[in-house]
Amino acid sequence: MKKILLGLVAVAVLAAGGYFGLDFYAQRRVTRDVEAAFEQVRANGAKASHGKIAFDTRSRTLTISDIATESGTQPPINVRIASLTMTGLGQLDAGRISADNIAFNDVEIGATGPTATIAILTYKAPQITVKDYSGPASLPQLPASSSLIELYRFAFAQVASINASLVTIPTLSGTMTFSAAAHAGDGAGGTFDYSGLVIENLKDGKIASSKTDKVAFRINTQPQAGKPVRMTGELANIATTDIDVAAMAAMFDPAKANDDRDYRVQGHVSVGPYVISAKADGVAAMPGLNMRIEGVTVDDVKINPSRMQLPALLAMIPPQGSAPPSPAQAREVLEKVARLYSGAGIGNAEIRGLSVETPEGPFKLSSVRFNLEHGKIGELAIEGLDARAPNGPLKVGRFALKSLDLASLMRLSAQFAAQKPSPEQALALLPLIEGVEVKGVTSPYKATGKPVNIDVLSLDWGQFVGSIPSKLRLVAKMAAPLDAADPQQQVLAAAGIDRMAVDADLGAVWTEASRSFALEPVKLDMAGLLNASAKVALANVPREAFSANAAEAMGAAAQIEAGAIELAVHDLGAIDLAIAQYARSQNVSRDEARNAVLDGIKAQGEAMSGGSADVTALVTAISQFIETPGQTLVIKLTPRAKAPALQLMQLLKTDPPSALAQFKIEASTGL
């Protein structure tokens, strides 16, 4: 029995010795590996130091205190971590490690001169925790410089190299100090505070989702010729899904300059509300900077790395205080901006509930929506505008640009740099927009206290020949009050009409195969007075007629031939109004005025007819139309032979009977 007990004691002693020996060996190895990682950083010209290193073998927990690194570039980037604790540490392979949990305490990152306008930038986070981590075993190499581009490139590269199920940062604060180049005054700068940062499922350079509860910022400036200005703002509920960090990093990577593929970098983003305001000491709130946005959403963001090389673009922007760029330099910058636009894509973006305080009163927008594909906006729509014009309230239900080519607009701007465009060059702007639509407008009319109403005003154009559209459609339905003080409107006002409504529909299209041009439909409804419709056709219209060169267009216009013309006018009171006005001007009765007008038409018709039965029939129909109110007058003109349109127009001025003789005329009236 005694031997057995002694044997057990011996085994226990040996086991304890083995365990403590293993623990000591693990401590030595971990310490050696940590020292090697820090030495690798120092070997590349940076500074790196740490405090105590402790490793617990049972829980596989590594703790390193007082970590400090400084890049070898000037100005340097500094990173300080009070303590780093990794629990459940494991070795995946020679180059990567894993941990069940990582805790960073009191993290501080500082950069000097990251941009021309920011002298010092510092981030601080009391705690950062990471769960289910796997990543590089060595410490990351700090960026080659402290520029903002290098900082972004460094951050994207680090995030893309690690995997984690959850990252939480309860609070993150930052401070920045403006440089003298910002002209913001001594001591100018700002602070920004994040709270509730959470990143979920980070793997292979992609993030399933991230959210931030709130971001608050404060910026103070002291302009040389003004009072101190304080700007504050707050964003809440920032949420993003399907983030591709590796794709984002491509914008900052010169090696991707030839990568012409489109990458989806974000699935869905939502933010809101967003509030921003600014005040100057002793001055009321600054106009235009007291703003609130209820929400912003963005879906399906894409980038093309070859077109969105931000370093190349930012490198071309001259620092503040330098000489203005030459026209050639300005054109080059604008061309790069155009490429930047052409490399971006947004499935849909919407801003909701925008309100801004202005000296005239509040400015409100219900929503702004747009999409973007390779630098071209499919539609830019602004809805629910509520503002105040000098003479009263202004409301717009909807304003939309039907397609806007931003990239091409920037390229044209580059061509016009430092020179005024010619009319032909200015026409090149037309193809960049395919149409405009306005709905639900209520606007004050002068100082009458009465509104102008636009139910709909829609203008579309396309089928371009060079820079000139050969297809157009205008739809307009609007009403406006009459101004009795305007001599041109006094006739209508005297008749008791205080408001004029117009309903118009105009279409024009050129068909290249048949060389024909048609105005159809052409409809006009002047409510309470008359409505009219017309069809006008032109033949032998050459392509050169749409040239931006005036001489070439006029030469081609000489080839255009007149086609069929059809006009229908339905009287809704316009005839009686005209007769009443004539009676007042001549101081006669209405019957006498009507008879005088009919006699004048008859006399003029006899002078123009030259014995033509067609002209006589036309005069008869017009007389019947005037004699009996409420009728419809229909006139059809059909060319008897090929007739140059320009010659006919000139002939109408000098010899109307000869011009009319070129057409077969049909005229009739009916209720």
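Is S179 buried or exposed in this model? Select S179 and look at the loop between β8 (164-178) and β9 (189-203), where this residue is found; S179 is buried, with a relative accessible area of 18%, given that buried means under 20% relative accessible area, exposed over 50% and partly exposed in between, with a 1.4 Å probe and protein chains only. The C-alpha atom of G113, 66 residues away along the chain, is separated from that of S179 by 8.0 Å.

Before going on, note that this is a predicted model, in which local features need pLDDT of at least 70 and side-chain atom pairs count only at pLDDT 80 or more, while totals for chains, interfaces and linings use all residues. Residues are numbered from 1 along each chain as its sequence is written, and side-chain values use heavy atoms, with hydrogens and water left out.

**The whole chain**

Colour by secondary structure: the protein comes to 14 helices and 28 strands, where helices (H or I, at least four residues) and strands (E, at least two) are DSSP runs numbered from the N terminus. Of the 671 residues, 35% count as buried. Among contacts (heavy atoms within 4.5 Å) with a separation of 6 or more, residues 24 or more positions apart account for 61%.

**T122 in strand β7**

Select T122 next, in strand β7 (residues 118-136). T122 is buried, with a relative accessible area of 13%, and, not counting residues up to four places away in sequence, T122 touches E108, I109, G110, S173, G174 and T175.

**The cavity**

On a 1 Å grid over the protein atoms alone, a cavity is a set of points where a 1.4 Å probe fits but cannot get out, a pocket is an open set with protein on both sides within 12 Å along at least five of seven lines, and lining residues have an atom within 4 Å of a point. Grid points are joined across faces, edges and corners, and a volume is the space filled by probe spheres set on the points.

A search of the whole structure finds one cavity of 30 Å³ or more, and the largest cavity holds about 50 Å³ of space. To display its lining, select D262, K302, I303, G343, A344, G345, E373 and H374; β14 (291-303) and β15 (344-358) each supply at least two residues of this lining. By class the lining has two nonpolar, three polar and three charged residues, with Ala, Val, Leu, Ile, Met, Phe, Trp, Tyr, Cys and Pro counted as nonpolar, Asp, Glu, Lys and Arg as charged, and the others, Gly among them, as polar.

**Helices α5 and α6**

Select helix α5 (residues 327-342) together with helix α6 (residues 406-415), whose axes come within 8 Å and cross at roughly 175°. Axes are lines fitted to C-alpha atoms, for helices over the stretch in contact, and angles run from 0 to 180 degrees between N-to-C directions. The two helices, α5 and α6, are therefore roughly antiparallel to each other; angles under 35 degrees count as roughly parallel, over 145 as roughly antiparallel, 65 to 115 as roughly perpendicular and the rest as oblique. The contact of α5 with α6 has eight nonpolar, three polar and four charged residues.

Move on to helix α10 (residues 574-586), whose axis comes within 8 Å of that of α11 and crosses it at roughly 105°, which makes α10 roughly perpendicular to α11. Here I575, D576, I579, A580, Y582 and A583 in α10 meet R590, A593, R594, A596 and V597 in α11, and the residues of this contact divide into eight nonpolar, no polar and three charged.

Centre the view on A593 in helix α11, which counts as buried at 0% relative accessibility. Not counting residues up to four places away in sequence, A593 touches I579, Y582, A583 and V588.

End at the second largest pocket, which holds about 380 Å³ of space. Of the 21 residues that line this pocket, L538, A562, I565, A645 and M649 are the closest to its centre. Helix α13 gives the most to the lining, with five residues, and the lining divides into 20 nonpolar, one polar and no charged residues.
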